[in-house]
Amino acid sequence: MRVGILTAGGDCPGLNAVIRAAGRKLLREGHEPVGLLRGYRGLAHQEHRSLDHEALSGLLPMGGTILSTSSYDPFRHDDGPALVRAAMERCDVDAVIAIGGEHTMEITRELHAQLGLPVVGVPKTIDNDIVGTDRTFGFDTAVHVATEAIDRLHSTAQSHDRVMVVEVMGRNAGWIAVTAGIAGGADGILVPEVDIPVEQIASTIRQRHDRGKDFSIIVVSEGARLAFEDGSSKKVRANETTDEYGYERLGGIGAALAQELEAATGYETRVVVLGHIQRGGTPTATDRVLATRYGVAAAEAVMAEHYGTMVALRGSEIVPIPLAEVVGVKGVDLRLLELATTFF
Ligand code: F6P
C-alpha cells in the first residue's frame, strides 16, 4: 500500500516522532509511506515527498514537522472535495494517516463519511482537549515548558515582592494551566471552564502577604474570562481578528488580569505570556514515547483497514475509536483544579 501521512493545524512537539513511527512501521511491513505536504492541501494538490529510511531518520528529537502544516480544509474550498476525489481516483495514495487536532479530526471524519476516504486520525495538540483520548501528544512538553517558566518566575518574583501573572495557551480548555499550575505550585489558576472573580484572586494574594509571602504566581489560561464578583465577565483578546477559517486568535487576558490585580491589591504585578514557546522545540521523553505508540498504532490500523477511526489512549492501551465519537472539546478535569486550590 501507498500510505499518505499528513500533519494539519498548529504544529506541536512530537509530530516528527509520529511520522517516523508510522513510516518505519509501514516500511517494515513492506508498504510505502508518502509525505503529504501542508496537511490536506498536499492530498488535494498532489504535493508529496518521499518518506524512505533516509527521510525517516533523526526525527525523534526534532520539533515542528518535516511535512509542514496548514489548516487547509477541503470543505471550505469550492474545488476541495473534487480535488480529494480526483486524488483517490488516481490512486495517489491507498490510505491516509492524518495527524491533527480537533478541527483536523472533524475534517477527517467528514472526508471519511462523505467521500469514503480511507483514513485514520492521530490526536495531536498541546491543548489536550481532544474528546475520546486520555492524552494527546505535545501536551506533556507544553506543560514541562510552562512549569519550568513558573519555577524561574518564582525566584525573580520573590526577589522583588511582585505578583507574576503567567498566561499559557490551551484555547478553550484549561489543561495546560491547571497541570503546570499544580506542578509549579501556582497561587491561583484561572481556566476557561470556570469564572473565578478577580476579587477572589486578589484576596488570596493579600492573605499570602499577611502570612509573610510577599510574592505570588497566578497562572491564567488564554481562554479564561475576566470575571468579577458582581457576576459580570468578559473575554479579553489583544487581537480581535480570526484566522482564515474563523477561529479566534486568543491571548491578552494576562495583561488585563495583571492590571486588575494591581489595582485591587496595590502590589506591583507583571505579566509573562509564554505563547508559542510552549509549542516549539524538542518533545519530552514522555511525548516521544506516546507519539511513537500513536504512530505505530495508526500504521497498524491502516494495515487492518480500520478506517474512519482515530487512535486513542484509553488507560494504558492505544485503541482505534470511531471518528464519529470525536466531537467537541474535552474540558479540564475540574477535580484537578479543586486539588490545586488546596495550596492557594
Ligand atoms: O491549539 C494549539 C494552540 O497553540 C493553542 O493553544 C493556541 O490558542 C493556538 O494554537 C494558537 O494558534 P496560532 O499559532 O495559529 O496562532
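Q: What makes the largest nonpolar core a core, and which residues have the most contacts inside it?
A: A nonpolar core is a set of buried Ala, Val, Leu, Ile, Met, Phe, Trp, Tyr and Cys residues joined through side-chain atoms within 4.5 Å. The largest one here has 62 residues, and Ile97, Ile99, Val122 and Phe137 have the most contacts inside it. Domain 1 (2-138 + 283-325) and domain 2 (142-279) both give residues to this core, so it lies between them. Those domain bounds come from an automatic or database domain assignment.

Q: What kind of model is this?
A: It's a predicted model, where local features need pLDDT of at least 70 and side-chain atom pairs count only at pLDDT 80 or more, while totals for chains, interfaces and linings use all residues. Residues are numbered from 1 along each chain as its sequence is written, and side-chain values use heavy atoms, with hydrogens and water left out.

Q: Why is Pro118 called buried?
A: Buried means under 20% relative accessible area (exposed is over 50%, partly exposed in between, with a 1.4 Å probe and protein chains only). Pro118 comes in at 18% relative accessibility, so it counts as buried.

Q: Which residues is Pro118 in contact with, leaving aside its neighbours within four places in sequence?
A: Contact means heavy atoms within 4.5 Å, and the partners of Pro118 are Met88, Asp94, Ala95, Val96 and Tyr307. Take Asp94: Pro118 and Asp94 are 24 residues apart in sequence, yet 7.3 Å apart in space, C-alpha to C-alpha.

Q: How do you know what span to expect for helix α5?
A: Helices (H or I, at least four residues) and strands (E, at least two) are DSSP runs, numbered from the N terminus. The expected span is 1.5 Å times one less than the number of residues. Helix α5 (residues 139-160) has 22 residues and reaches 31 Å from first C-alpha to last, close to the expected 32 Å. Its buried residues include Phe139, Ile150 and Leu153, and what covers the buried ones includes β6 (163-168) and α9 (285-303). Just after α5, Asp161 takes a positive phi of about 50°.

Q: What makes the largest pocket a pocket, and how many residues line it?
A: On a 1 Å grid over the protein atoms alone, a pocket is an open set of points where a 1.4 Å probe fits, with protein on both sides within 12 Å along at least five of seven lines; lining residues have an atom within 4 Å of a point. Here 37 residues line the largest pocket, with Gly10, Asp127, Arg171, Asp243 and Arg279 nearest its centre. Helix α4 gives the most to that lining, with four residues.
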